[in-house]
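Student: Could you go through a structure with me? I'd like to ask things as they come up, and jump around a bit.

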Amino acid sequence: MEPASVKFQRRFSRVAVATLGFVSVLASVGPLAAQTRTSASEDAKQAPYPSARDLIGLTVAGSYLAARHASVDRDATAAAAFYRAALRSDPKNSELLDRAFIASLADGDIDEAVKLADRILTIDKNNRVARLVAGVRSLKQKNYAVAQQNINQSIRGPITDLVATLLSGWASYAAGNTQTAISSIDKLAGPEWYPIFKDLHTGMILELANKQKDAGVRFERAYKLDDSALRVSDAYARWLSRNKDAAAATAVYQGFDKKLARHPLVVDGIRETKAGKKLPPLAENPQQGAAEALYGIGASLTRRGGEDLALVYLQLALYLNPNHSLALLSLADLYESVKKPQMAIKVYERVPAHSPLKRNAQIQLATDLDTVDRTEEGIKILNAVVADDPKDVEAIMALGNIERARKKFADCGETYGKGIEAQASTADKPNWVLYYFRGICFERSKQWAKAEVDLKKALEMQPEQPHVLNYLGYSWIDQGINLDEAMKMIRRAVEQRPDDGYIVDSLGWAYYRIADYENAVKHLERAIDLKPEDPTINDHLGDAYWRVGRTLEAKFQWAHARDLKPEADELPKIEAKLRDGLPEDTSNAAAAEKKKEDGRGG
């Protein structure tokens, strides 16, 4: 089914993803899901969409190549614009027509995709993707007979058979044929994960047809199949609130809350059912029901390697129900997973202000704004979320993480402190991560006494946690105190994370700080194997090489560290070593000024 949480989009029901039918059609017109070549921040600095000027004067070949490049870079908006520009110059080119159609569909421009689908169907009446889109358009326009005709001729395959059957069922119900709708869905045979979708949607159809007893049977059956599926629990609880009693509805929500605590929709449901409210159905009309079918399967595909098909289903769901908050969050999450934060930002901004999920959207929106170097906007949003609810630990943590990453160490120390205070006022178990992160902020802002207390507290709460062992142990060695205990701590961290280059670097640098240069070289070489592009580790290995007399190799490592863009305050030190080497008598003094990267132990 759909993820059981929002940004918690990590937990899905037992839906086996079949890459048949639709996926092969999408693949034939070029990848919408190719790997990007740039980082998220680099991507953000590029102009993501073509302007009108970009399109003027381009040849068909130029537009086509630009569109292909945009498709590979997962920029559906640009790809659609360039394909349509090429199509205007060569309107009879069926390949361009197909590509423009698919790109418009992926971009969520369903009105344009519908126009192109109509053109495709005049050429190829059996184009199943175009049939699906035409069918969804007819559903939206309440032309249910035409909707059924088109949907029944759409794609075939384990996933797409189910979608087509559910959509056709909703069209049948809307046309006044409830029994036909139920029978057609019931007759569909397929994989073991079909029944939960079938029972959920037959329950929703029967509910709207005012066959409440029959609807309850279907919802209860779906709930017994998977009581961890959010939409099943929500639909069943809503039905119970109107047809049984508030206590039964509350119990369903509370059961889900025990599996995944504090999901916003569930928290909202518990509050309203406890107040005795009768909640409306999950879908209040056929369009919302069809959108629910498209969303449920699209969200399930998002994390199962079916991003292309998921993208199309989610866009069609939002075409039918633009305010479907879960579909919006799933779509934004999909964009984040393929490293397109700019597109995720636009989706998060569409989440309705009245939605219980708006807070989650704001937190993720702020994180993505920071990713694209719009940090102050993100901080402003998070400050507003925290001001609205000073006990919102998730928002406080997100704010602290942004401040820490941006080296606002005084600010993040204060922010994590608010999180610790907020958590102390709840029944929740204290979170060691808050103490660990605040300890880092204190250490980096030169408040070691406070940092040491927090790091020890984090280790007390989470004994043997490798990152805390590493950070505290390294910090002690860097100051020349508690050396024996510190070395033991770092060794224990390495035992748990032998392939973590930063933790292995800490061990190597610890040996360097106690002037055991042979062991320092051994472990720092291992760290370089694990993290060859890290400037700090290269710098450390250069120092160790120099101390064992391997001066040419030392200068090579320092030069490499310089070229890897080290921190601004480290660059002059590296350049000085390249010029003069290391002084004779600085085995501890010179290195004492070196500070590890935030949480990276080196």
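Student: So what follows H23, and what is its phi like?
Tutor: Keeping in mind that this is a predicted model, H23 is followed by Lys 407, whose phi is positive, near 65°.

Student: And what caps the other end, the N-terminal one?
Tutor: That end of H23 is capped by Asp 392, which has a side-chain oxygen 3.3 Å from the backbone nitrogen of Glu 394.

Student: How many residues does H23 have, and how far does it reach?
Tutor: H23 covers residues 393-405, which makes 13 residues, and from its first C-alpha to its last it reaches 18 Å, close to the 18 Å expected at 1.5 Å a residue.

Student: Is H23 mostly covered or mostly uncovered?
Tutor: Mostly covered, since 10 of the 13 residues in H23 are buried. Among them are Val 393, Ile 396, Met 397 and Leu 399, and the buried set also includes Glu 403 and Arg 404.

Student: Which helices do those buried residues pack against?
Tutor: The buried residues of H23 pack against helix H21 (358-371) and helix H22 (375-388), and also against helix H24 (409-424) and helix H25 (432-444).

Student: Take H25, then. Are H23 and H25 roughly parallel or roughly perpendicular?
Tutor: They pack at an angle of about 25°, with their axes 11 Å apart. Angles under 35 degrees count as roughly parallel, and therefore H23 and H25 are described as roughly parallel to each other. H23 passes H25 in a left-handed crossing. On the H23 side the contact is made by Val 393, Met 397, Asn 401 and Arg 404, while H25 contributes Val 433, Leu 434, Phe 437, Ile 440 and Cys 441.

Student: What is Asp 199 in contact with, apart from its neighbours in sequence?
Tutor: Leaving aside neighbours within four places in sequence, Asp 199 is in contact with Arg 218, Arg 221, Ala 222 and Leu 225.

Student: Last one: what about Ser 325, buried or exposed?
Tutor: Ser 325, which is found in helix H19 (residues 325-337), is buried, with a relative accessible area of 11%. Again leaving aside neighbours within four places in sequence, Ser 325 is in contact with Val 351, Pro 352, Ser 355 and Leu 357.

Methods
Residues numbered from 1 in each chain as written. Predicted model: local features only at pLDDT ≥ 70, side-chain atom pairs only at ≥ 80, totals over all residues. Heavy atoms only, no water. Helix = DSSP H or I, 4+ residues; strand = E, 2+ residues; numbered from the N terminus. Expected span 1.5 Å × (residues − 1). Buried < 20%, exposed > 50% of the residue type's maximum accessible area, 1.4 Å probe, protein only. Contact = heavy atoms within 4.5 Å. Polar contact = N/O pair within 3.5 Å; in protein donor to acceptor, adjacent residues only side chain to side chain. Axes fitted to C-alpha atoms, helices over the stretch in contact; angles between N-to-C directions. Parallel < 35°, antiparallel > 145°, perpendicular 65-115°, else oblique. Left-handed = near helix turned anticlockwise from the far one by under 90°.
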